[in-house]
Amino acid sequence: LHGHVFQVVARGEGYYDGNSSVPFDTTNPIRRDTIQVPGEGFVILCFRADNPGVWFFHCHIKWHLESGLAATFIEAPDIAQQRLKLPSSMNDICNV
């Protein structure tokens, strides 16, 4: 998740279905900016959404990315619009 350091609160094998039997580490979870997810496994992350902007969440395996396995997080859009001003040349491209 670009723009953040996250906490890994749980990980496991198989499909995570919300079952509470998965042990969560909320006392002292590891902090990372990247994480390897095991094949046919899952990772549960926790992050503080305190960085206004648009952030990319994705896998570094090229065909996963090409298959659409990515997401965009938009944090505090009102604050981001106030802070981030696009140059007029960007608007000119959109008006073509």
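Me: Is His58 buried, partly exposed or exposed?
Reply: Buried means under 20% relative accessible area, exposed over 50%, and partly exposed in between, with a 1.4 Å probe and protein chains only. His58 has 23% relative accessibility, so it counts as partly exposed.

Me: Before we go on, what are the ground rules here?
Reply: This is a predicted model, where local features need pLDDT of at least 70, side-chain atom pairs count only at pLDDT 80 or more, and totals for chains, interfaces and linings use all residues. Residues are numbered from 1 along each chain as its sequence is written, and side-chain values use heavy atoms, with hydrogens and water left out.

Me: Which residues is His58 in contact with, leaving aside neighbours within four places in sequence?
Reply: His58 is found in strand β4, residues 53-58; strands are DSSP runs of E, at least two residues, and helices are runs of H or I, at least four, numbered from the N terminus. Contact means heavy atoms within 4.5 Å. With neighbours within four places set aside, the partners of His58 are His2, Leu65, Leu69 and Ala70.

Me: And His64, is that one buried or exposed?
Reply: His64 lies in helix α1, residues 62-66. Not counting residues up to four places away, His64 touches Cys59 and Leu69. Its relative accessibility is 18%, so His64 counts as buried.

Me: In what order do the elements run from the N terminus on?
Reply: The protein comes to three helices and five strands. From the N terminus on, they run β-β-β-β-α-β-α-α.

Me: What radius of gyration does the protein have?
Reply: The radius is taken over C-alpha atoms, and the globule rule is 2.2 Å times the number of residues to the power 0.38. The C-alpha atoms fill a box of roughly 55 × 30 × 20 Å along the principal axes. For 96 residues, a compact globule would come out near 12 Å, but the protein has 17 Å.

Me: Which residues make up the largest nonpolar core?
Reply: A nonpolar core is a set of buried Ala, Val, Leu, Ile, Met, Phe, Trp, Tyr and Cys residues joined through side-chain atoms within 4.5 Å. Nonpolar side chains tend to be buried together in soluble globular proteins. In this model, buried residues make up 18% of the 96 residues. The largest core has five residues in all: Val9, Ala10, Val22, Phe42 and Ile44.

Me: How many Å separate the C-alpha atoms of Val43 and Ala10?
Reply: Val43 is found in strand β3. Among the residues Val43 touches beyond four places in sequence are Val8, Ala10 and Arg11. Val43 and Ala10 are 33 residues apart along the chain, and their C-alpha atoms are separated by 5.8 Å.

Me: What is the phi of Glu40?
Reply: Glu40 sits in the loop between β2 (30-32) and β3. With 76% relative accessibility, Glu40 counts as exposed. Although Glu40 is not a glycine, its phi is positive, at about 55°.

Me: And what is phi of Ala76 near?
Reply: Ala76 has its place in the loop between β5 (70-75) and α2 (77-83). Ala76 is partly exposed, with a relative accessible area of 33%. Ala76 is a residue other than glycine with a positive phi, near 45°.
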